[in-house]
Structure formats: structure tokens, C-alpha cells
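Work through the exercises below with the sequence and the model open side by side.

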Amino acid sequence: MTDLDIPGAAEGTAPDAAVTRLAATVARLRAQIQHAQAGAEGRALIEMAKGIMVERLRCGPAQAARQLESLAERAGVTSLELAVDLINQAADDTLSAVIDEFPLRTGTSEEPSTASRLRTAESAVLATGDPQRVAQSILDHALVPLGASAVAIWSVGADSSLSLVGFAGIDRHEAERWRYVPPGVATPARQALMRREAQWIEDLRAAGLPSIGDHAGGRVAIPAGTGGKLTGVLEMCWPTPLAPQPPRVRRQLEALAELCAHTLESGPSAVGEPDRPDVADLVRLTDSLFDPALVLLPHLGADGALADFRIHHVNSCFVDPVGRARGAVSGALLLEAYPLATIEGRLFERIEHVFATGETYRADRVVLTELVDQVPLTVSAALSVSRHGDCVLVLWRVEDETARLAALLQHAQRLGRVGGFEEDTATGRITWSTQLYDLHGLGPAANPVPLEQLPDHVHGDDAESVRRLVRTLVRYHRPASAAFRLIRPGGDTRHIRIVAEPVLDHDGNLLALRGAYQDISAQHWTEVALSATQDRLAHTEQHAAEQSRLARQLQQAIMPDKQPSIEAFGLHIAVRYRPAEQSHMVGGDWYDAIVLPSKQILVSVGDITGHGIKAATGMVVLRNALRGLATTGAGPGQMLTWLNLVTHHLTEDLYATAVCGLYDPQTRVLRWARAGHLPPVLVRDGVATSLPELRGMLLGAVAEMTYEEAELQLDSDDILLLYTDGLIERRDLPLDDCVERLLTQAARFTGALDDLVDHVLQDSDANTDDDTCVVGIQVGHGTGASTTR
């Protein structure tokens, strides 16, 4: 069955076929146009090469064409590639320097060389002023071989805004959305403009910057401009994250940005950009301003780069920071007229940035330095810099030093609650500052209070001291001061201090009295509060000292610094205790070594958190509780379980670490357990090791807790050290390093047990200023097993 046999097929398929044929025709015509454009761009390069041969070989155009074809055939390259090679050798431009890094191919592949692609793109740029065609040519000839998928050409407006003037590889609806980017919107192109350097972004999505096109993959944004002025930004897009590129590719893309600068300079203004003002119009504008103003024009060096700015015009209101006449400044180069200001005040750097980017700069106060008679003079000025076409307008207003100092003085008087006065004794005229009216509680239109009437306005107990002040000033002509309580019209009181001096003529006659009042009410009440606080502090310190003394006495009564060695059942025990150096740091460290009714020996060491009387009393509670629990015949693990219940339920906010052991003289077996404490150290045959870290949380943390128990078979001359962290702990070292140092000390020592305990205590380099307990146990000679379990 054919389509004609299906009802309605003619109506449904015939239009679709027509549309398909029409689309194919459009695609074919578009391909022909693109091929014609590429051919025209290639022919332009060949014609340029033929012109070079005509000039150098002194031949006609036909001979140059035949010679070009013959040389290309001998070299095994296309005529276009040979033409590009001739152009590169004759040209002296940035593009030639970039192409020199890419040798011409000598193979027969039809893929164009890098040099051909770049010169073809250049030909398209120079042949048209249309940024749209320029963007398409750059993408097709130069960027697609590098893996790029899209390109956008941005034009910089006078207000540093960005306008999209050309694009390729980007959906037209997306381009319409990004037709204009106002100032302040952070995009890759904006960053390249503001930083004035290329921005290489590996992944746009990870960078978090909005931009045109697909918001994924790599981006490169390169500012474009000449003579120090940026006219646009070339932004290139990659569909995948962009890997680091070699220097030659970076320079190739920078050369493409320079080509775009040519189109942006010669083409029409960007969308939304106003017509560039004429220099004469800007000069007339500055002459109508009441603020000092300069008009600067860029001064280019021999290489075409921006070297300086020339002061084209200075208006009549301009004030030079060092007092020079306007004629001495107008026409000079900026770096010559203000060398120090451009360096120390970063003046040139700011103006250069404004000229390059169009971003206006304003500052209320800029410190500038210039030389006056070889002496540096520092002045402050308000500064505004803006770009207008190819000119830069600088508004420069030097601060009025007198007005500024007067304002500073007024603020100082307000902050210090100080008011000044002066009384003319001949005319009786009294001058008060504004602050003095506020201090007296009077309105601005009220009559000032003369010094002679001041005793009538103060507290009765202070009136005589004020009268003495007046007599010293008027009768003895000497400066005087006084403090008193001023009674204001509203009945409230202010504590005032007055300082005054007489003004005398050459004959010693009194002309005037002048001085200042200061409201010291806040200071007075602060002193009263401070005095009360000091009294409370003294009481608190006395109470704390008493608490510390009691804690120290309690501690020393239970645990003296050094006890005689204990000899029991062939076991030698030595104990040492060292309190903290600071008396108020009385801690809760404890040790114990006793013989139980069962003939077993209990050894224990513990450390209670905190300091003071609470820690000392807590130490007594836990130490005695452990002694009582030991008489039950329970093992170390069970004793710590019960001691944890005592700590958790029968004490308030008390936490402790502990290690305890039961030594059986008959079997020489030590059963031991730990509750968050450092394990004991075993010294055997000149080797020191730490016992295993058995499971067990510190005492008092939780109500229900079990503690792991282990056994250690001791041999003759074995030494066991139990200690608290105050022996080894340092603030600047990990705890494992501190333990390792103790092991080294114990292994190297060869003396008696008492000497060993004294040695590790005296040689300790701990710096936490904490209490320290050390218990040393040495097994006497005799028979016994030598295994460790």
C-alpha cells in the first residue's frame, strides 16, 4: 500500500515534504554563503601575499600569482598557507609573534594550519566592522579547533556597563537576555574588565558566576583595548571544564582579543552608550563648576601603550596642593606635576583604572604628599575621577584646614563635655561656648553666669572653694582650679571641675578671665562605683585566700609532699607529691598505698577536675571511699564501678580520673583497672613500657559504667610507676610525646627506687602548673613467674 492509498495522507505528508525541501535549500544556500565568505577571506590573504611579492621581486601581478603557485607546489603546502607564511615574515605585529610559535605544517592534510586560521580570522576582522561577523569568524577559524563552542564580544560603556555587540554559538533568545549588563553585576567579563587581566575559569558552575550561554564548562574572558583604555571584553566558552592551557594558547587568545579591540574602536557605539563628548565641551563644563577640576588626556608612549596623562585644562576654582599657579600645572604631565602624590597617594593608579574601565572613583578624603622647598608636605583632599570619552575629569578639593580643626575642636569639646569661657573685666562682656550653656542647663538665649556669682549656683558645702578660686584669679592674678557640685535650674546636680587663668597686660593689670568647665559627673560616679567594687574585690580576695589556705592545709594534712618508703611483703613503695606553684591552684590529685586486712596491697592514684576547696574536699571523699571499698575484697574493676556511683550520686558536679591496683604478695600478680587515667609504666630489664589502655570512662560522667580489669605478673626488680598528668603534660606537645619522654627517662635511670621517683619528678618539663603525684613500686628478690597477661 502506498501513501496515496491512505486516507488523508496527501494532506499530511505533502506539506511536510515541502518544508523539508525548503529547509534543505536554506541550509545549502547558507553553506554556500559561508563557503564564499571563507573563500573571500582566504583570497584576501593570497592577494596580500601577491602584493608583497610584487614589491620585493619587482614583478607584475600575474608573475607573482604564478610564482606563488609554483613555490606552494614545491613546498607541498597550499597557496593559502604559503601566503600566510609570507605575510608573517613581512609583518611585525603581535599576531606574527604568536604564529611564530606554531610551525607551518608540511603534510598534505586539508586541515588548515594554526597560522592560516589566525590570519584568516584577522582578515575577517579587518574586512568588516560588524562585530557579529567578527565573532562568527573568530569562532569558526580560531576557536573551534581549540574545542570552544561559543564566543561573545562585549563593548564597555562610559559607565563601565557591558553591552553584547557580537556573539556566535549562542542562542539568539539567550543573547537578547544578555544584551545589556549594568555596572556592578559580577560576571567573567566584568571581572576581566575590573581586574584588567584575563580570567581563566575552569568550571563556570563551580565559580558561581552568572554569564551568557550554557552555565557549565570552562570560560575565558580577556579585556580588549589599546592605549591603556579598555573598549571591550572577548569571552570564549567551552562545553566542558577547561584544563590548564599552555602559554602559547594563552597568547593566541590574547591576540584574538586585540583583533576585537580594532573592531570595537572603529565600529559604532555600543548599545545604550551615549555619544562621546568633545574635549571642548568638557572644558566648558569644568569652567562652570564651583569645585576645582582638571581635564586629563592620555599620553601614549612610542609603543602605543599608556605612559602618562597630560593636564589639558585646569578651571579657575582649582587649588594646587602646594600653592602653585594654575599656569604652572596646566599642560604638564601628571607624573611630573605630582610625582609623590601619584606614588604615595596612588593617584596615577586610580586614574589609570578609571580610564581603562570607565568605573568612577570617589573618596571623601585622600592623603596626598608633595615637595615644597625639598620638604614633603602632606595634605588631604576630596577626590572624584570619571571618564568622559577619551578624557578623564578629576575633581580635586583640598580641605580647609582651619575649618577642619575647628570642627575637630568642637567634637572634642562635645565628647569631653568641656565648655570654654572668657570674661572681659573692663566691659563685663562674657563669652561662652555652646557646650557651656548645655552644661549649666541654660538655653542659648540665656545670660551667662559670671564667675563672681558662681558660688550662688553651687552646693552649699562647695561654695567656699569656689570663692577661693575667684579670689586667686581676681586678687592674686594666679591660675586656679576647683571641683564642685553645680545645682542646675531644674534642681539636678552636676559634678564640675573648673580651670581658669587671668589675662594681664604689660603692667600686670587684669584684662580678662578665661578658662574651661568640664562635667566630671560620669567620672565621679565611676570612682564611687570603683571604690565599692574595690571593697567587694578585697573581701572576695580575702575569702578566696582563706579558702585556698584551708584547701592547702587539708591537702598537706592528708598527703604530705614526701612520705617515708613503705616495705611490705617484699614490696618497696615510694610516694611523692608536688603541689602547684600558685597557691590558689590547689588541686585534687591523690595517691594511696596501704596493706589491706586480706594481706593484699592497694595502690591508687587519682586526679579530680578543678581546683580549690571543692577539689580538695572531693579528693578526700574519693580517696577514703576507695579505701573503704577495698576492704570488701572486691577487685579493682568492681571497686571503680562502685566509686563511679559514689562520684555520680553523692557528690555535686565532681569528675575524676583514677587508676587502682591490688597486689598479691603470694603470687606477685597485680590486678588493676583504670577510669580515664594514664596507664602505669612498667620498667623491666632497662626497658620502659606503658601498660595497655584498658576500657574505662572517667568517674562521675555517667551513672552506670563497668571497668575492664587486667592482671600483670611481676618479676624481681620490676618497677611500676603510677602518676598524674601534672608530671608530664605540656601545652605545646601532644600527650603521646610527653609519655614517650617519661618512658625514655625511666629506662635510662639505674639507681634505687626512691632516686628514680625523685629523678622523674625533678626532671619533669611539664608547664601546666598542676599538682603532681607519683607512686613507685619495686618487687623484691625472690621466686615468681615472669609472664605478662
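**Exercise 1. Find the partner of strand β23 and describe how the two strands pair.**

Solution. Strand β23 (residues 681-684) pairs with β24 in the antiparallel sense over four bridges, where strands are DSSP runs of E with at least two residues, helices are runs of H or I with at least four, and both are numbered from the N terminus. Two strands count as paired if DSSP finds at least two bridges between them. Within this pair, Val-683 stands opposite Ala-688 in β24.

The model is predicted, so local features need pLDDT of at least 70, side-chain atom pairs count only at pLDDT 80 or more, and totals for chains, interfaces and linings use all residues. Residues are numbered from 1 along each chain as its sequence is written, and side-chain values use heavy atoms, with hydrogens and water left out.

**Exercise 2. Which residues of α8 are buried?**

Solution. Buried means under 20% relative accessible area, exposed over 50% and partly exposed in between, with a 1.4 Å probe and protein chains only. Pro-188, Ala-189, Arg-190, Gln-191, Ala-192 and Leu-193 are buried. Since these are six of the eight residues of α8 (residues 188-195), the helix is largely enclosed by the rest of the structure. After α8 comes Arg-196, whose phi is positive, near 60 degrees.
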